[in-house]
Amino acid sequence: IIWKVNREDDPRWNHAHVGWASDIWEGSPGMEMLTNRDGHLAKDLVLFSAKGEILANPFPSGWRPVNWSGGKVRDLLSGNGRRLGRFDGRDVQPLDRPGPNELPGGSCNMVADLAGDFRDEVVCFGTTAEGRRAVLVYSNIEPVDRRETTRMASREYRLWVARNMGGGYASYFEWEP
């Protein structure tokens, strides 16, 4: 055990129902971890450092990691995919550009490296302006000044994406080559 927090340490803990781990802040080495203390309510979100220190409590809800801009740390994407932000050590600061999702009333159900560069694609579902249901896959085509190994080159990553989407779970996966 590297670190732990549970009912023995803090009676507010019920059980963690949601969560993710991703490197979202350069000010803290390693991956940060988001989880909740209140079970299925999932409103009491806490962000921990890799050392187990609380970085934000509460953490704003509706944000999830995405490797959109190709930086050293991941961006954060709002639940509907219309906003991008970055964690600054205290809060999520919106970026000056919109998120990828252009569908009104749409939602983003998958974030994964599908196209074969190291950045993530965002898969959104919704209704077009003409009233048709649509699935859109957004990819960032802005040039970046660094390169990494594509996650799709990893057999484990490909199987993980296939398993998660086959089971209906949203796909968030932090992979280090």
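This is a predicted model: local features need pLDDT of at least 70, side-chain atom pairs count only at pLDDT 80 or more; totals for chains, interfaces and linings use all residues.
Biologist: Fine. What order do the strands of the open sheet have?

Modeller: The open sheet of four strands runs 1-2-3-4, and the pairing is antiparallel. Strand 1 (19-22) and strand 4 (54-56) are its edge strands, since each pairs on one side only. On average, neighbouring strands here are turned by 30° against each other, direction ignored.

Biologist: What makes strand 3 and strand 4 a pair?

Modeller: Two bridges join strand 3 (residues 45-48) to strand 4 in the antiparallel sense, and the cut-off is at least two bridges, so they count as paired. As for partners, F48 is bridged to I54 in strand 4.

Biologist: And how many bridges join strand 7 to strand 8?

Modeller: Four, between strand 7 (residues 83-87) and strand 8 (residues 92-98), which run antiparallel. R83 has P98 as its bridge partner in strand 8. The hairpin has four residues between these strands, and G89 takes a positive phi near 105° there.

Biologist: Why is the link of C108 and C124 called a disulfide?

Modeller: Their sulfur atoms are 2.4 Å apart, and the limit is within 2.5 Å, so the pair qualifies. The link is right-handed, with 65° about the S-S bond. C108 sits in strand 9 (residues 107-112) and C124 in strand 10 (residues 121-127), 16 residues apart.

Biologist: Are those cysteines buried or exposed?

Modeller: Buried: C108 has a relative accessible area of 4% and C124 has 0%, and the cut-off for buried is under 20%.

Biologist: Now the charges. Why do R97 and E142 count as a salt bridge?

Modeller: Their side chains meet at 3.8 Å, N to O, and the definition asks for within 4 Å, so they make it. R97 lies in strand 8 and E142 in the loop between strand 11 (133-138) and helix 1 (155-166), so the pair ties together parts 45 residues apart in sequence.

Biologist: What makes K4 partly exposed, and what is E8?

Modeller: K4 is at 39% relative accessibility, while E8 is at 68%. Exposed means over 50%, buried under 20%, and partly exposed is in between. So K4 is partly exposed and E8 is exposed. The two side chains meet in a salt bridge at 3.5 Å, N to O.

Biologist: How many salt bridges does the structure hold?

Modeller: Eight, including R146 with E148, whose closest N and O atoms are 2.5 Å apart. Salt bridges that share partners also join R74, D120 and R151 into one network.

Technical notes
Residues are numbered from 1 along each chain as its sequence is written. Side-chain values use heavy atoms; hydrogens and water are left out. Buried means under 20% relative accessible area, exposed over 50%, partly exposed in between (1.4 Å probe, protein chains only). Axes are lines fitted to C-alpha atoms, for helices over the stretch in contact, and angles run from 0 to 180 degrees between N-to-C directions.
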